[in-house]
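Please look over the structure below before reading the numbered points.

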Amino acid sequence: MNRRVLSGIRATGRLHLGNYLGAVKGMLALQADPNYETFYMVADLHTITTPYDPKILKENVREVILDYLAAGLDPQKSVIFIQSQVPQHTELGYLFSTLVTVARMQHLPTFKEKVKQHPENVTMALLNYPVLMAADILMYKASLVPVGIDQEPHLEIAREIASKINSRFGLAFPEPQRFATSGEYVPSLTGEGKMSKSVEGSNIGLSDDLAAIREKLAKVPTDSGSGNQVPTEGGVATLLTLVELFEGKEKTEQYRKQYQTEGIKYQDLKNELAEAIYQELKPIQERRLEFENKPEMVDKIIEEGNEKARQEAQKTLSEVKQAMGLI
Ligand code: AMP
(Lines give C-alpha, C1' and ligand atoms only; values in the text may rest on other atoms or scores of the structure.)
Protein backbone atom coordinates (compact mmCIF):
# COMPACT_ATOMS: atom_id res chain seq x y z
CA MET A 1 0.00 0.00 0.00
CA ASN A 2 1.16 3.51 -0.78
CA ARG A 3 2.19 5.62 2.16
CA ARG A 4 0.22 8.79 2.76
CA VAL A 5 1.42 12.38 3.13
CA LEU A 6 -0.45 15.40 4.55
CA SER A 7 0.59 19.00 4.74
CA GLY A 8 -1.06 22.41 4.92
CA ILE A 9 -0.39 26.12 5.11
CA ARG A 10 -2.51 28.72 6.87
CA ALA A 11 -4.38 31.28 4.79
CA THR A 12 -2.63 34.38 6.06
CA GLY A 13 -1.65 35.77 2.66
CA ARG A 14 0.69 34.89 -0.14
CA LEU A 15 3.54 32.53 0.54
CA HIS A 16 7.12 33.52 1.31
CA LEU A 17 10.47 31.75 0.91
CA GLY A 18 10.16 30.16 4.37
CA ASN A 19 6.89 28.45 3.38
CA TYR A 20 8.32 27.52 0.01
CA LEU A 21 11.62 26.05 1.19
CA GLY A 22 10.39 24.58 4.49
CA ALA A 23 7.09 23.11 3.33
CA VAL A 24 6.24 23.39 -0.38
CA LYS A 25 9.54 21.94 -1.62
CA GLY A 26 8.98 18.88 0.55
CA MET A 27 5.39 18.66 -0.71
CA LEU A 28 6.69 18.69 -4.29
CA ALA A 29 9.36 16.07 -3.61
CA LEU A 30 6.82 13.64 -2.14
CA GLN A 31 4.26 14.35 -4.87
CA ALA A 32 6.90 13.29 -7.41
CA ASP A 33 7.48 9.96 -5.62
CA PRO A 34 5.04 7.28 -6.83
CA ASN A 35 5.32 5.50 -3.46
CA TYR A 36 3.31 8.26 -1.82
CA GLU A 37 -0.28 9.46 -1.96
CA THR A 38 -0.25 13.17 -1.19
CA PHE A 39 -2.96 15.32 0.49
CA TYR A 40 -2.32 19.06 0.60
CA MET A 41 -4.73 21.51 2.17
CA VAL A 42 -5.16 25.17 2.93
CA ALA A 43 -5.52 25.30 6.70
CA ASP A 44 -8.24 27.94 7.01
CA LEU A 45 -9.53 26.59 10.33
CA HIS A 46 -6.05 27.04 11.80
CA THR A 47 -5.97 30.57 10.37
CA ILE A 48 -8.84 31.70 12.59
CA THR A 49 -7.04 30.73 15.82
CA THR A 50 -5.24 34.10 15.69
CA PRO A 51 -6.78 37.52 14.89
CA TYR A 52 -7.88 37.72 11.23
CA ASP A 53 -10.17 39.65 8.88
CA PRO A 54 -13.23 37.59 7.84
CA LYS A 55 -13.70 39.84 4.79
CA ILE A 56 -10.47 38.64 3.19
CA LEU A 57 -10.20 35.10 4.53
CA LYS A 58 -11.63 33.44 1.41
CA GLU A 59 -9.41 35.59 -0.79
CA ASN A 60 -6.39 34.47 1.21
CA VAL A 61 -7.42 30.82 0.88
CA ARG A 62 -7.49 31.32 -2.88
CA GLU A 63 -4.05 32.97 -2.81
CA VAL A 64 -2.54 29.91 -1.14
CA ILE A 65 -4.23 27.56 -3.64
CA LEU A 66 -2.84 29.67 -6.51
CA ASP A 67 0.63 29.67 -4.96
CA TYR A 68 0.40 25.87 -4.53
CA LEU A 69 -0.54 25.37 -8.18
CA ALA A 70 2.06 27.88 -9.36
CA ALA A 71 4.79 26.14 -7.34
CA GLY A 72 3.91 22.86 -9.04
CA LEU A 73 1.35 21.04 -6.90
CA ASP A 74 -0.49 18.95 -9.44
CA PRO A 75 -4.17 17.99 -8.99
CA GLN A 76 -3.50 14.86 -11.10
CA LYS A 77 -1.05 13.67 -8.46
CA SER A 78 -2.17 15.33 -5.22
CA VAL A 79 -5.49 15.90 -3.51
CA ILE A 80 -5.59 19.69 -3.08
CA PHE A 81 -8.34 20.87 -0.73
CA ILE A 82 -9.61 23.37 1.84
CA GLN A 83 -9.65 22.20 5.45
CA SER A 84 -13.00 23.78 6.43
CA GLN A 85 -14.70 22.17 3.42
CA VAL A 86 -14.03 18.76 4.94
CA PRO A 87 -16.08 19.00 8.15
CA GLN A 88 -14.81 15.61 9.31
CA HIS A 89 -11.61 17.39 10.44
CA THR A 90 -13.39 19.28 13.22
CA GLU A 91 -15.29 16.19 14.32
CA LEU A 92 -12.15 14.06 14.53
CA GLY A 93 -10.41 16.96 16.28
CA TYR A 94 -13.12 16.92 18.95
CA LEU A 95 -12.82 13.16 19.43
CA PHE A 96 -9.02 13.47 19.73
CA SER A 97 -9.36 16.27 22.29
CA THR A 98 -10.68 13.65 24.73
CA LEU A 99 -7.24 12.02 24.67
CA VAL A 100 -4.96 14.91 25.64
CA THR A 101 -4.73 17.03 28.77
CA VAL A 102 -4.96 20.81 28.97
CA ALA A 103 -1.61 20.87 30.82
CA ARG A 104 0.18 19.10 27.95
CA MET A 105 -1.11 21.69 25.48
CA GLN A 106 -0.32 24.66 27.70
CA HIS A 107 3.32 23.64 27.95
CA LEU A 108 3.95 23.53 24.20
CA PRO A 109 6.50 26.15 23.11
CA THR A 110 4.38 26.96 20.03
CA PHE A 111 1.37 27.77 22.28
CA LYS A 112 3.49 29.91 24.62
CA GLU A 113 4.84 31.86 21.66
CA LYS A 114 1.34 32.59 20.36
CA VAL A 115 0.21 33.66 23.86
CA LYS A 116 3.08 36.17 23.86
CA GLN A 117 2.15 37.44 20.39
CA HIS A 118 -1.58 37.76 21.06
CA PRO A 119 -2.14 37.86 24.84
CA GLU A 120 -5.69 39.14 24.31
CA ASN A 121 -6.65 36.18 22.14
CA VAL A 122 -5.82 33.01 24.07
CA THR A 123 -8.82 30.99 22.95
CA MET A 124 -9.85 27.35 23.27
CA ALA A 125 -9.23 26.99 19.54
CA LEU A 126 -5.65 28.21 19.93
CA LEU A 127 -5.04 25.68 22.72
CA ASN A 128 -6.60 22.99 20.57
CA TYR A 129 -4.55 23.84 17.44
CA PRO A 130 -2.19 20.86 17.74
CA VAL A 131 -5.13 18.49 18.34
CA LEU A 132 -6.86 19.66 15.17
CA MET A 133 -3.53 19.32 13.36
CA ALA A 134 -3.26 15.73 14.61
CA ALA A 135 -6.75 15.16 13.18
CA ASP A 136 -5.67 16.69 9.84
CA ILE A 137 -2.74 14.27 9.62
CA LEU A 138 -4.25 11.09 11.06
CA MET A 139 -7.47 11.57 9.07
CA TYR A 140 -5.53 10.39 6.01
CA LYS A 141 -3.33 7.97 8.01
CA ALA A 142 -0.38 10.04 6.86
CA SER A 143 3.01 8.82 7.98
CA LEU A 144 5.00 11.74 6.52
CA VAL A 145 4.36 15.45 7.00
CA PRO A 146 6.44 17.95 4.99
CA VAL A 147 6.56 21.04 7.25
CA GLY A 148 9.23 23.33 8.71
CA ILE A 149 11.11 22.51 11.91
CA ASP A 150 8.88 24.92 13.90
CA GLN A 151 6.09 22.34 13.58
CA GLU A 152 8.01 19.55 15.35
CA PRO A 153 6.24 19.98 18.73
CA HIS A 154 2.91 19.53 16.93
CA LEU A 155 4.13 16.36 15.23
CA GLU A 156 5.03 15.04 18.68
CA ILE A 157 1.40 15.59 19.79
CA ALA A 158 0.13 13.79 16.67
CA ARG A 159 2.36 10.81 17.53
CA GLU A 160 1.13 10.79 21.13
CA ILE A 161 -2.50 10.85 19.98
CA ALA A 162 -1.87 8.06 17.45
CA SER A 163 -0.21 5.93 20.10
CA LYS A 164 -3.04 6.55 22.61
CA ILE A 165 -5.83 5.85 20.19
CA ASN A 166 -4.09 2.68 19.01
CA SER A 167 -3.54 1.29 22.49
CA ARG A 168 -6.90 2.33 23.97
CA PHE A 169 -9.16 1.54 21.05
CA GLY A 170 -7.26 -1.10 19.09
CA LEU A 171 -6.71 0.99 15.96
CA ALA A 172 -3.60 1.12 13.79
CA PHE A 173 -2.71 4.74 13.04
CA PRO A 174 0.86 5.40 11.90
CA GLU A 175 2.97 7.66 14.13
CA PRO A 176 3.71 10.47 11.67
CA GLN A 177 7.20 11.82 11.11
CA ARG A 178 8.23 15.20 9.75
CA PHE A 179 9.69 15.17 6.25
CA ALA A 180 12.54 17.68 6.46
CA THR A 181 13.89 19.77 3.58
CA SER A 182 17.24 21.58 3.48
CA GLY A 183 15.27 24.79 4.11
CA GLU A 184 13.52 23.52 7.24
CA TYR A 185 14.43 26.76 9.02
CA VAL A 186 14.72 29.88 6.86
CA PRO A 187 16.00 32.79 8.96
CA SER A 188 14.54 36.31 8.86
CA LEU A 189 16.01 39.05 6.67
CA THR A 190 16.16 41.18 9.82
CA GLY A 191 18.76 38.77 11.20
CA GLU A 192 16.55 37.87 14.17
CA GLY A 193 14.34 34.81 14.35
CA LYS A 194 12.72 33.05 11.42
CA MET A 195 11.30 34.40 8.19
CA SER A 196 7.56 34.90 8.74
CA LYS A 197 4.48 36.54 7.29
CA SER A 198 3.70 38.49 10.43
CA VAL A 199 7.08 40.22 10.89
CA GLU A 200 7.42 43.24 8.59
CA GLY A 201 10.64 43.20 6.55
CA SER A 202 11.45 39.59 7.47
CA ASN A 203 10.52 37.85 4.24
CA ILE A 204 10.80 37.59 0.47
CA GLY A 205 7.47 36.70 -1.15
CA LEU A 206 7.05 34.11 -3.90
CA SER A 207 5.56 36.93 -5.99
CA ASP A 208 8.40 39.44 -5.50
CA ASP A 209 10.08 40.65 -8.69
CA LEU A 210 13.82 41.15 -9.06
CA ALA A 211 13.67 44.81 -7.98
CA ALA A 212 11.71 43.94 -4.82
CA ILE A 213 14.11 41.10 -3.96
CA ARG A 214 17.11 43.43 -4.47
CA GLU A 215 15.52 46.09 -2.29
CA LYS A 216 14.77 43.62 0.50
CA LEU A 217 18.26 42.09 0.44
CA ALA A 218 19.80 45.57 0.46
CA LYS A 219 18.23 46.10 3.90
CA VAL A 220 19.74 42.95 5.47
CA PRO A 221 22.14 44.19 8.17
CA THR A 222 25.78 43.21 7.58
CA ASP A 223 29.20 43.86 9.13
CA SER A 224 32.65 44.91 7.87
CA GLY A 225 32.81 41.71 5.76
CA SER A 226 35.85 40.05 7.31
CA GLY A 227 37.11 38.49 10.51
CA ASN A 228 38.31 35.26 12.10
CA GLN A 229 34.88 33.89 12.92
CA VAL A 230 32.15 33.74 10.27
CA PRO A 231 28.95 34.91 12.07
CA THR A 232 26.48 32.17 12.93
CA GLU A 233 23.64 34.57 13.66
CA GLY A 234 22.36 37.94 12.48
CA GLY A 235 22.03 39.29 8.95
CA VAL A 236 25.28 37.81 7.62
CA ALA A 237 24.25 34.32 8.74
CA THR A 238 20.86 34.84 7.02
CA LEU A 239 22.60 35.81 3.77
CA LEU A 240 24.90 32.78 3.90
CA THR A 241 21.95 30.47 4.56
CA LEU A 242 20.11 31.90 1.54
CA VAL A 243 23.27 31.58 -0.59
CA GLU A 244 23.49 27.92 0.39
CA LEU A 245 19.83 27.31 -0.41
CA PHE A 246 19.83 29.08 -3.77
CA GLU A 247 23.43 28.88 -4.98
CA GLY A 248 24.72 25.74 -3.32
CA LYS A 249 27.13 24.65 -0.59
CA GLU A 250 30.26 25.32 -2.62
CA LYS A 251 29.39 28.97 -3.09
CA THR A 252 28.78 29.36 0.65
CA GLU A 253 32.16 27.78 1.40
CA GLN A 254 33.79 30.27 -0.98
CA TYR A 255 32.19 33.16 0.89
CA ARG A 256 33.22 31.71 4.24
CA LYS A 257 36.85 31.51 3.11
CA GLN A 258 36.59 34.99 1.65
CA TYR A 259 35.30 36.30 4.99
CA GLN A 260 38.38 34.96 6.73
CA THR A 261 40.81 36.26 4.06
CA GLU A 262 40.31 39.23 1.74
CA GLY A 263 36.75 39.93 2.91
CA ILE A 264 33.26 39.78 1.38
CA LYS A 265 31.80 42.60 -0.73
CA TYR A 266 28.18 42.38 0.38
CA GLN A 267 26.85 44.39 -2.53
CA ASP A 268 28.16 41.77 -4.97
CA LEU A 269 26.92 38.90 -2.79
CA LYS A 270 23.47 40.45 -2.52
CA ASN A 271 23.20 41.14 -6.25
CA GLU A 272 24.17 37.61 -7.17
CA LEU A 273 21.83 36.16 -4.54
CA ALA A 274 18.91 38.31 -5.76
CA GLU A 275 19.44 36.97 -9.28
CA ALA A 276 19.58 33.36 -8.07
CA ILE A 277 16.39 33.72 -6.03
CA TYR A 278 14.57 35.42 -8.90
CA GLN A 279 15.62 32.69 -11.35
CA GLU A 280 13.87 30.14 -9.13
CA LEU A 281 10.77 32.30 -8.59
CA LYS A 282 10.28 33.47 -12.19
CA PRO A 283 8.74 30.25 -13.57
CA ILE A 284 6.49 30.05 -10.48
CA GLN A 285 5.28 33.60 -11.13
CA GLU A 286 4.62 32.82 -14.78
CA ARG A 287 2.61 29.71 -13.92
CA ARG A 288 0.65 31.69 -11.33
CA LEU A 289 -0.50 34.13 -13.99
CA GLU A 290 -1.76 31.24 -16.12
CA PHE A 291 -3.86 29.90 -13.23
CA GLU A 292 -5.11 33.39 -12.31
CA ASN A 293 -6.48 33.62 -15.85
CA LYS A 294 -8.40 30.35 -15.54
CA PRO A 295 -10.59 30.82 -12.45
CA GLU A 296 -13.11 28.13 -13.47
CA MET A 297 -10.37 25.55 -13.79
CA VAL A 298 -9.10 26.48 -10.31
CA ASP A 299 -12.66 26.22 -8.90
CA LYS A 300 -12.94 22.74 -10.39
CA ILE A 301 -9.60 21.64 -8.94
CA ILE A 302 -10.70 22.79 -5.49
CA GLU A 303 -14.15 21.19 -5.74
CA GLU A 304 -12.75 17.84 -6.87
CA GLY A 305 -10.04 17.96 -4.19
CA ASN A 306 -12.58 18.74 -1.46
CA GLU A 307 -14.77 15.84 -2.59
CA LYS A 308 -11.93 13.30 -2.67
CA ALA A 309 -10.73 14.46 0.74
CA ARG A 310 -14.28 14.19 2.20
CA GLN A 311 -14.58 10.61 0.94
CA GLU A 312 -11.28 9.53 2.49
CA ALA A 313 -11.98 11.48 5.68
CA GLN A 314 -15.36 9.84 6.21
CA LYS A 315 -13.76 6.37 6.22
CA THR A 316 -11.39 7.27 9.05
CA LEU A 317 -14.01 9.19 11.02
CA SER A 318 -16.44 6.24 10.93
CA GLU A 319 -13.68 3.86 11.98
CA VAL A 320 -12.77 6.05 14.99
CA LYS A 321 -16.40 6.63 16.01
CA GLN A 322 -17.03 2.93 15.92
CA ALA A 323 -13.90 2.12 17.93
CA MET A 324 -14.82 4.80 20.52
CA GLY A 325 -18.28 3.27 20.93
CA LEU A 326 -20.27 6.09 19.32
CA ILE A 327 -21.74 4.15 16.41
P1 AMP B 1 2.27 28.75 8.44
O2 AMP B 1 2.29 29.96 7.57
O3 AMP B 1 2.65 29.01 9.84
O4 AMP B 1 1.00 27.96 8.27
O5 AMP B 1 3.43 27.81 7.92
C6 AMP B 1 3.27 27.01 6.79
C7 AMP B 1 4.44 26.11 6.60
O8 AMP B 1 5.62 26.87 6.30
C9 AMP B 1 4.79 25.25 7.83
O10 AMP B 1 5.18 23.98 7.37
C11 AMP B 1 5.95 25.96 8.44
O12 AMP B 1 6.78 25.09 9.16
C13 AMP B 1 6.65 26.48 7.20
N14 AMP B 1 7.45 27.67 7.51
C15 AMP B 1 6.97 28.89 7.87
N16 AMP B 1 7.99 29.74 8.07
C17 AMP B 1 9.14 29.04 7.84
C18 AMP B 1 10.52 29.37 7.88
N19 AMP B 1 10.95 30.59 8.20
N20 AMP B 1 11.42 28.38 7.58
C21 AMP B 1 11.01 27.13 7.23
N22 AMP B 1 9.71 26.76 7.18
C23 AMP B 1 8.79 27.71 7.48
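1. The structure holds 24 salt bridges, a salt bridge being a side-chain nitrogen of Lys or Arg within 4 Å of a carboxyl oxygen of Asp or Glu. Side chains of opposite charge can pair when their charged atoms come close. This is a predicted model, in which local features need pLDDT of at least 70, side-chain atom pairs count only at pLDDT 80 or more, and totals for chains, interfaces and linings use all residues. Residues are numbered from 1 along each chain as its sequence is written, and side-chain values use heavy atoms, with hydrogens and water left out.

2. Arg4 and Glu37 form a salt bridge through their side chains, at 3.2 Å from N to O. Arg4 lies in strand E1 (residues 3-10) and Glu37 in strand E2 (residues 36-43), 33 residues apart. Strands (E, at least two residues) and helices (H or I, at least four) are DSSP runs numbered from the N terminus. Arg4 counts as buried because its relative accessibility is 13%, while Glu37, at 32%, is partly exposed. Here buried means under 20% relative accessible area, exposed over 50%, and partly exposed in between (1.4 Å probe, protein chains only).

3. Which side chain of Glu312 or another residue meets Arg4 in a salt bridge of 3.0 Å? The partner of Arg4 is Glu312. Glu312 and Arg4 are both buried.

4. Helix H13 (residues 295-323) has 29 residues and spans 42 Å from first to last C-alpha, close to the expected 42 Å. The expected span is 1.5 Å times one less than the number of residues. Buried residues of H13 include Val298, Ile301, Ala309 and Leu317. Just after H13, Gly325 has a positive phi of about 85°.

5. The domain assignment gives domain 1 (3-185 + 294-323) and domain 2 (210-289); such bounds come from an automatic or database assignment. The contact takes 14 residues from domain 1 and eight residues from domain 2, where contact means heavy atoms within 4.5 Å. The C-alpha centres of the two domains are 32 Å apart.

6. About 980 Å² is buried between domain 1 and domain 2, and carbon and sulfur atoms give 60% of it. Buried area is the accessible area (1.4 Å probe) that two parts lose on being put together, summed over both. In domain 1, Leu17, Tyr20 and Ala70 lose the most area to domain 2, together 47% of what that side buries.

7. Between the domains there are three salt bridges. A separate salt bridge entry pairs Glu280 with Lys25, at 3.0 Å from N to O. On the side of domain 1 that touches domain 2, helix H1 (17-31) and helix H3 (57-71) are the elements giving two or more residues. H3 gives the largest share, six residues.

8. Ser78 is in strand E3 (residues 78-82). With a relative accessible area of 3%, Ser78 is buried. Its side chain and that of Thr38 are joined by a polar contact of 2.7 Å, that is, a pair of N or O atoms within 3.5 Å; within protein, one must be able to donate a hydrogen and the other to accept it, and residues adjacent in sequence count only if both atoms are side-chain atoms.
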